[in-house]
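Hi,

Here is the structure you wanted to look at. My notes on its aromatic contacts follow below.

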Amino acid sequence: DLNLPFSDITPEFLKELEAMEPFGMGNPEPTFRTTAVVIRSARIVGKNHLKMSLTHQGILLDAILFRHGEKVPPQKTVDLAFSPEWNEWNGERSIQLRIKGIS
């Protein structure tokens, strides 16, 4: 839907997205794109999910690609299609990207 630098992905931005919910057939979830994202690390977690640490213009974010752990990109710089979301783990809340496409 929009090119989005990591610097624009803030708690306030996620709050604005939440105001657009619920997503479904008549109201599709927004998908964003960021180019020239650097993969700092990638590992398989759970049942074949790819967990990554990414940077873009000095901003570090975590990301997850569900059911595609085998798709560890060979290159270190990628373009992404994603939806930002809250990740809640062990009582902590942080922003993560749910990857929809990677090239």
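Ring pairs link F6, F13, F32 and F82 into a cluster. Rings of Phe, Tyr and Trp (its six-membered ring) pair if their centres lie within 6.5 Å; planes under 30 degrees apart are stacked, over 60 edge-to-face, the rest tilted. This is a predicted model, where local features need pLDDT of at least 70, side-chain atom pairs count only at pLDDT 80 or more, and totals for chains, interfaces and linings use all residues. Residues are numbered from 1 along each chain as its sequence is written, and side-chain values use heavy atoms, without hydrogens and water.

The structure holds three aromatic pairs. F13 and F32 form an edge-to-face pair, because their planes stand at 65 degrees, with ring centres 5.6 Å apart. F13 sits in helix α1 (residues 11–18) and F32 in strand β2 (residues 32–45), so this pair ties together parts 19 residues apart in sequence. Helices (H or I, at least four residues) and strands (E, at least two) are DSSP runs, numbered from the N terminus.

F13 is buried at 16% relative accessibility. F32 is buried too, at 6%. Buried means under 20% relative accessible area (exposed is over 50%, partly exposed in between; 1.4 Å probe, protein chains only).

F32 also pairs with F82: centres 6.4 Å apart, planes at 40 degrees, so tilted. F82 lies in strand β5 (residues 77–89), so its pair with F32 of strand β2 ties together parts 50 residues apart in sequence. F82 is buried, at 0%.

Best wishes
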